[in-house]
Amino acid sequence: MKRYIIGLGETLWDVFPEGKQLGGAPANFAHHASQFGHPAIAISAVGNDALGNEIVALLEERGLTHLLPRVDCPTGTVQVTLDAQGIPSYEIVENVAWDNIPFTPEMEEVAKHARAVCWGSLAQRSEVSRTTINRLLDATPADCLKIFDINLRQHFYTKEIIENSLRRADVLKINDEELELLTPMLNLPVGDERTKAQRLLQAYDLQLVVLTCGTNGSYVFTAEADNFHETPMVEVADTVGAGDSFTAAFCAALLRAKPIVDAHRLAVQTSAYVCTQKGAMPQLPETLKG
């Protein structure tokens, strides 16, 4: 069986004023990982409705493998509004299909052969999907790279959920605003980013902490070293999905045994390109894939 990179969690429609775009961090991640030549799969759930049919059709059109069981809840939607800088805010509908992802035998089989899996906090807001995520993670092999792309949204997270995921992860991906939210919650030390990252590395036995700071650059922290990369100046169309593309490019490079510095550089270049495009799943240029 193929060894897949798994994007696990919410799959939904981002609804913009001008129309809807396929989204959800795990699906975005899987889509971009597949563009770097890795077998990738999106695991979520959709409803028995027209929006669910459209998601399945679009993923198949894009050639992205998926496990999207149908459930008796509406397919997820998120109302997205953009500010003058293209920064999104979200209104996330509750009790939708991806809140009710069942753990299926097909998911367990894919998990047993996973090369990497990426998940976040949002899909864990419901007990059903949280249980499925944890069962799938438990079924992965010892050499599977586990990436917790924390992706805090509104009030849809708790300390318990975050700490449980941190303990299961090899890599934490987080942005500067999320790090500030975690500081009092996890009793992180007051100080600079490196001090907080080192506490996270030690407390949760992480291999890497990846910190993105918008236009102020990004960092990769290990126990031994730090790596910083500036954010390229680009003309931003919107930033939806840029972080997911960063994570996917970084993961894809690590799985090809690229040094952290090179993986970081590719991630920055990829996310900068995605910022110049509308929507979360643009096709990447060959210059990035090579």
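Modeller: Before we start, one term: helices here are DSSP runs of H or I with at least four residues, numbered from the N terminus. Also, this is a predicted model.

Colleague: Thanks! With that in mind, where does F246 sit?

Modeller: F246 belongs to helix α8.

Colleague: And is F246 buried or exposed?

Modeller: F246 is buried, because its relative accessibility is 4% and the cut-off for buried is under 20%.

Colleague: What does F246 touch, apart from its neighbours within four places in sequence?

Modeller: F246 is in contact with K173, V210, T212, S218, H264, A267, V268 and S271. There's also T270, which lies 24 residues from F246 along the chain, with 6.2 Å between the two C-alpha atoms.

Colleague: OK, let's look at the helices. How do α8 and α9 cross?

Modeller: Their axes come within 8 Å and cross at roughly 150°. Angles over 145 degrees count as roughly antiparallel, so that is the label for α8 and α9. The crossing of α8 past α9 is right-handed.

Colleague: Which residues make that contact?

Modeller: From α8 you have A242, S245, F246, A249, F250, A253 and L254. The α9 side brings I260, A263, H264, L266, A267, V268, T270, S271, V274 and C275. By type, the contact has 13 nonpolar residues, four polar and no charged.

Colleague: What sits in the loop between α8 and α9?

Modeller: A257 is found there. A257 has a positive phi of about 65°, though it isn't a glycine. For background, most residues other than glycine have a negative phi.

Colleague: Is A257 buried or exposed?

Modeller: Exposed: A257 has 67% relative accessibility, and the cut-off for exposed is over 50%.

Colleague: Switching topic: how many residues are in the largest nonpolar core?

Modeller: That core has 100 residues, and I6 and L200 have the most contacts inside it. Helix α8, residues 242–255, gives the most to this core, with nine residues.

Colleague: What does I6 touch, not counting residues up to four places away in sequence?

Modeller: I6 touches F29, I41, I43, V110, A111, A114, A116, V117, C118 and L136.

Definitions and conventions. Residues are numbered from 1 along each chain as its sequence is written. This is a predicted model: local features need pLDDT of at least 70, side-chain atom pairs count only at pLDDT 80 or more; totals for chains, interfaces and linings use all residues. Side-chain values use heavy atoms; hydrogens and water are left out. A nonpolar core is a set of buried Ala, Val, Leu, Ile, Met, Phe, Trp, Tyr and Cys residues joined through side-chain atoms within 4.5 Å. Buried means under 20% relative accessible area, exposed over 50%, partly exposed in between (1.4 Å probe, protein chains only). Helices (H or I, at least four residues) and strands (E, at least two) are DSSP runs, numbered from the N terminus. Contact means heavy atoms within 4.5 Å. Axes are lines fitted to C-alpha atoms, for helices over the stretch in contact, and angles run from 0 to 180 degrees between N-to-C directions. Angles under 35 degrees count as roughly parallel, over 145 as roughly antiparallel, 65 to 115 as roughly perpendicular and the rest as oblique. A crossing is left-handed if the near helix is turned anticlockwise from the far one by less than a right angle, and right-handed if clockwise. Ala, Val, Leu, Ile, Met, Phe, Trp, Tyr, Cys and Pro count as nonpolar, Asp, Glu, Lys and Arg as charged, and the others, Gly among them, as polar.
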